[in-house]
Amino acid sequence: MGTGEGSSCSCSCSEEEERLLKLESIRESLVRQEDTIIFSLIERAKYPINSPLYDNNHTHNLPTNTNSLFHFFLKQSEHLQAKAGRYTSPEENAFFPDNLPIPLLPPLNCTPVLHPPGDSININDQVLNLYLNTLLPLIAAKGDDGNYAVTAASDVNCLQALSRRIHFGKFVAEVKFRDAPADYTPAICAKDRESLMKLLTFQSVEEGIKKRVEKKAMIFGQDVDLNENDIDGKYKVNPSVVSQLYGEWVMPLTKFVQVEYLLRRLD
Ligand SMILES: O=C(O)C(=O)C[C@]1(C(=O)O)C=C[C@@H](O)C=C1
């Protein structure tokens, strides 16, 4: 399992395993993923909403059974990335997991870290719905500049970064379970979601994350002017929206994934 963002969490190759199956390492990866999420939101905010891209009653010349140009773009992107092996990693969850092509490359020969019944959890329907209907109107200005391809490409980056982060809950849950199986087992056996949620929640960690992502959004999203010492207080993405994103959606969904994973942990 990897701690850095570029490294694969799909498997832990030999002696790395012990070190990497640590809550601290997982949290470091979550911190690094904040950068990717915030930069991807900043990129998306360059374009207006461009609502025809998401219009299911489009007039675009799309294949039949395709909802919107964005739907088509995302599905085709996943198709291509599946061929390059993206979804062989349990860190990656497709938005359209059915009928993906088989990878062109052979799989890596590593020991899987996740417990198989939990590995298949996929809540990307919720992630997509949240992104399109709630987050996008908060980060993109109203309007239509016709730049649908670049807009869709930056949407895909945002969605993949958010999906990866939220589904990382599987790894967090696995590590927490391995660290304290006796704490989690009774609640798992009783299918007691509320107790599991209490066990895995660290309120002070969550408060720190909300503050940090807000600060990162301020630092990453300001204009850098060589002649000015003061920043003008304008940010490319509203820092409080980023904090809200984490507090209301990213962390709750990550915890939802953790609970779902733990409920399958003894299957
Ligand atoms: O760091 C943890 O312990 C996690 O479970 C991750 C996470 C998060 O999503 O960032 C979720 C729940 C905790 O309350 C704190 C943080």
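Modeller: Contact here means heavy atoms within 4.5 Å. The model is a predicted one.

Biologist: Which residues of helix 6 does helix 2 meet?

Modeller: Helix 2 covers residues 23-44 and helix 6 covers residues 148-167. On the helix 2 side the contact is made by L30, Q33, T36, I37, S40, L41 and R44. The residues they meet in helix 6 are T151, S154, D155, N157, C158, A161, L162, R164 and R165.

Biologist: How many residues of each class does the contact of helix 2 with helix 6 have?

Modeller: Helix 2 passes helix 6 in a left-handed crossing. By class, the contact between them has four charged, six polar and six nonpolar residues.

Biologist: How are helix 2 and helix 6 oriented to each other, roughly parallel or roughly antiparallel?

Modeller: Their axes come within 9 Å and cross at roughly 160°. Angles over 145 degrees count as roughly antiparallel. Helix 2 and helix 6 are therefore roughly antiparallel.

Biologist: What is the crossing angle of helix 8 and helix 9?

Modeller: Helix 8 passes helix 9 in a left-handed crossing, and the two are roughly antiparallel. Their axes come within 8 Å and cross at roughly 160°.

Biologist: Which residues of helix 9 are met by helix 8?

Modeller: The contact of helix 8 with helix 9 divides into six nonpolar residues, one polar and one charged.

Biologist: Which residues come nearest to the ligand?

Modeller: There are 14 residues around the ligand. Those that come nearest are R27, R165, K176, F202 and E206.

Biologist: How far is a polar side-chain atom of E206 from an oxygen atom of the ligand?

Modeller: For K176, an N or O atom of the side chain is 2.6 Å from a ligand oxygen atom. For Q258, a polar side-chain atom lies 2.8 Å from an oxygen atom of the ligand. For E206, the distance is 2.5 Å.

How values were computed
Residues numbered from 1 in each chain as written. Predicted model: local features only at pLDDT ≥ 70, side-chain atom pairs only at ≥ 80, totals over all residues. Heavy atoms only, no water. Axes fitted to C-alpha atoms, helices over the stretch in contact; angles between N-to-C directions. Helix = DSSP H or I, 4+ residues; strand = E, 2+ residues; numbered from the N terminus. Parallel < 35°, antiparallel > 145°, perpendicular 65-115°, else oblique. Left-handed = near helix turned anticlockwise from the far one by under 90°. Nonpolar A, V, L, I, M, F, W, Y, C, P; charged D, E, K, R; others polar. Near = heavy atom within 4 Å. Polar contact = N/O pair within 3.5 Å; in protein donor to acceptor, adjacent residues only side chain to side chain.
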